[in-house]
Amino acid sequence: MFKLWRPVLILIFFNGYGFAQKANFKRALKYSDLYRHFNGNSLGVYPHFINKGDKFWYSFRTDEGWNYYLVDPANKSKEYLFNKDRITEQLTFETGELCNRNTLKLENIKFLNNDKIFTFEYKKGHYVYDRSKHRLTKRKTVVGRLKFPSYAEVSPDSNWMVYALNHNLYLQKSGDTLKIRLTEDGERYYSYASEGGEQKTSPVKWVV
């Protein structure tokens, strides 16, 4: 029996030796943290929770560009935040410049009252995107010569803005100087401002 097993063992040894593959260090480097760092790729996931709920979105960059995802932990689901082909086509139309899906990067993404509509910035332009209808709308940021203050929460139609001043909430029509006071009980430590300052962004969201 010993003689029968001997050639089999020798055959396996030489098979393994003859077909051994060389290590592909270049391919391995592509998936290393060092490679991703110097090529601008993402090293981790940073969740952005939507309206203080469980759902969140995140972006992740690879060699093929930025991808954006929406995660619903309750339903254990993950989907693309938007259709890249559709949004690049609409941005190309709005900007008059070719928008490449592989270099597309959205800035300052903010959701409104649900997970269907969000605003973002792209090449100094402000936009509203409806996920359910795949519809992009350019947001007006200039009324006459006036620009919306950075601390103001602007309505979807860009006609109104709300903000906190001296710890209370104020409503103001775009292009108008009249301030409509909405609250009277704001004070230090009980401020309507996000950071409790004299004039700051308020945690108020417009209902669409």
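**Briefing: loops, buried residues and an open sheet**

Lysine 76 lies in the loop between strand E3 (65-72) and strand E4 (77-80); helices (H or I, at least four residues) and strands (E, at least two) are DSSP runs, numbered from the N terminus. This is a predicted model, in which local features need pLDDT of at least 70 and side-chain atom pairs count only at pLDDT 80 or more, whereas totals for chains, interfaces and linings use all residues. Residues are numbered from 1 along each chain as its sequence is written, and side-chain values use heavy atoms, with hydrogens and water left out.

**Overall architecture**

- The protein chain contains four helices and 15 strands.
- Of its 208 residues, 31% count as buried, where buried means under 20% relative accessible area, exposed over 50%, and partly exposed in between (1.4 Å probe, protein chains only).
- The protein chain exposes about 15200 Å², of which carbon and sulfur atoms supply 54%; accessible areas come from the Shrake-Rupley method with a 1.4 Å probe, and for residues only the protein chains shown count as cover.
- Among contacts (heavy atoms within 4.5 Å) in the protein chain with a separation of 6 or more, 32% involve residues 24 or more positions apart.

**The sheet E1-E2-E3-E4**

- Four strands, in the order E1-E2-E3-E4, form an open sheet with antiparallel pairing; two strands pair if DSSP finds at least two bridges between them.
- Strand E1 (48-49) and E4 stand at the edges with a single partner strand each, so one side of each has no neighbour in the sheet.
- Strand E2 (residues 56-62) pairs with E3 in the antiparallel sense over seven bridges.
- Serine 59 has tyrosine 68 in E3 as its bridge partner.

**Loop residues**

- Lysine 76 is not a glycine, yet has a positive phi of about 55 degrees.
- Lysine 76 counts as exposed because its relative accessible area is 78%.
- Asparagine 166 is found in the loop between strand E12 (160-165) and strand E13 (168-173), and its phi, near 50 degrees, is likewise a positive value in a residue other than glycine.
- With a relative accessible area of 45%, asparagine 166 is partly exposed.
- Proline 149 lies in the loop between strand E10 (146-147) and strand E11 (153-154) and is partly exposed, at a relative accessible area of 24%.
- Proline 149 and tyrosine 163 are 14 residues apart along the chain, and their C-alpha atoms are separated by 9.3 Å.

**Lysine 84**

- Lysine 84 belongs to helix H4 (residues 84-95).
- The lysine 84 side chain does reach the backbone oxygen of arginine 101, at 3.0 Å.
- Apart from neighbours within four places in sequence, lysine 84 is in contact with Glu64, Gly65, Trp66, Asn67 and Arg101.

**Threonine 119**

- Threonine 119 is placed in strand E6 (residues 117-122).
- Threonine 119 counts as buried because its relative accessibility is 7%.
- Setting aside neighbours within four places in sequence, threonine 119 is in contact with Asn108, Ile109, Lys110, Leu112, Tyr127, Val128 and Arg139.

Notes:
A polar contact is a pair of N or O atoms within 3.5 Å; within protein, one must be able to donate a hydrogen and the other to accept it, and residues adjacent in sequence count only if both atoms are side-chain atoms.
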